[in-house]
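User: I would like to learn how to read helix packing and helix shape in a model. Can you take me through some cases?

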Amino acid sequence: MIHCPHLTQDNACEVAGQMAGCKVRTTPSACNACQANENPRAINLVTIGMAVVNKKRRKQDTRELESLLRNYLPERDEPETIKIDRFRPGPGNELKRMLAWFAKPSKTCNCETRVDTMNDWGAEGCRRNIDTIVDWLLEEAQLRGLPHGRFTAAIARGLAGTAIRKYEQKFPEGPSEPDDETE
């Protein structure tokens, strides 16, 4: 861990803890991400994110923190839209939608490529490659300074499984191909 006046002896972040209303344990990668932030050792994307995660785990209201988080997110010039001709349903798009409230794709991530890969694999391919999908999610969590241990891996596995099931519920016979025309 790094030296921080807000880091307790038992590796809890006092900044995130004050926002969450409880003890919030941190990791070296979260501390490093906080330190690298333009507003280090204070309220920033990392500490707000840790507080949100802890409140969600305790099934508490996070609307106030999520509103605060939006104020710290970079401004966008134009809203992100999905062009209907490029949209392909699949487990990847379902997972992307599930994560959208918390993690926005960055310029350096492989998120869109991985969404397309999961969509290409379909439900069964995603089940066969679930370990790869979990590794992708953990890799992104680590790069963003978020928790990425065994507990997070279990959550990532659950999210991927839920995305697959959601896709199957929406498209029980698979997506219709653009070339499929009924006569």
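User: At what angle do helix α2 and α3 pack?

Analyst: This is a predicted model. Compare the N-to-C directions of the two axes. Here helix α2 (residues 28–36) and α3 pack at about 140 degrees, and their axes are 8 Å apart. Antiparallel needs an angle over 145, so α2 and α3 count as oblique to each other. On the α2 side, Ala 30, Ala 33 and Cys 34 make the contact. On the α3 side, Val 46, Thr 47 and Met 50 do.

User: How do the axes of α3 and α4 cross?

Analyst: Apply the cut-off again: over 145 is roughly antiparallel. The axes of α3 (residues 45–57) and α4 (residues 63–72) cross at roughly 160 degrees and come within 10 Å. That makes α3 roughly antiparallel to α4. Their crossing is left-handed. Residues in this contact include Leu 45, Ile 48 and Val 52 of α3, and Leu 65, Leu 68 and Tyr 72 of α4.

User: Which residues of α6 are buried, and what covers them?

Analyst: Buried means under 20% relative accessible area. In α6, Gly 122 itself is buried. Others among the buried residues are Cys 111, Arg 114, Val 115, Met 118 and Cys 126. Their cover includes α5 (91–99), α7 (130–143) and α8 (150–170).

Key
Residues numbered from 1 in each chain as written. Predicted model: local features only at pLDDT ≥ 70, side-chain atom pairs only at ≥ 80, totals over all residues. Heavy atoms only, no water. Buried < 20%, exposed > 50% of the residue type's maximum accessible area, 1.4 Å probe, protein only. Helix = DSSP H or I, 4+ residues; strand = E, 2+ residues; numbered from the N terminus. Contact = heavy atoms within 4.5 Å. Axes fitted to C-alpha atoms, helices over the stretch in contact; angles between N-to-C directions. Parallel < 35°, antiparallel > 145°, perpendicular 65-115°, else oblique. Left-handed = near helix turned anticlockwise from the far one by under 90°.
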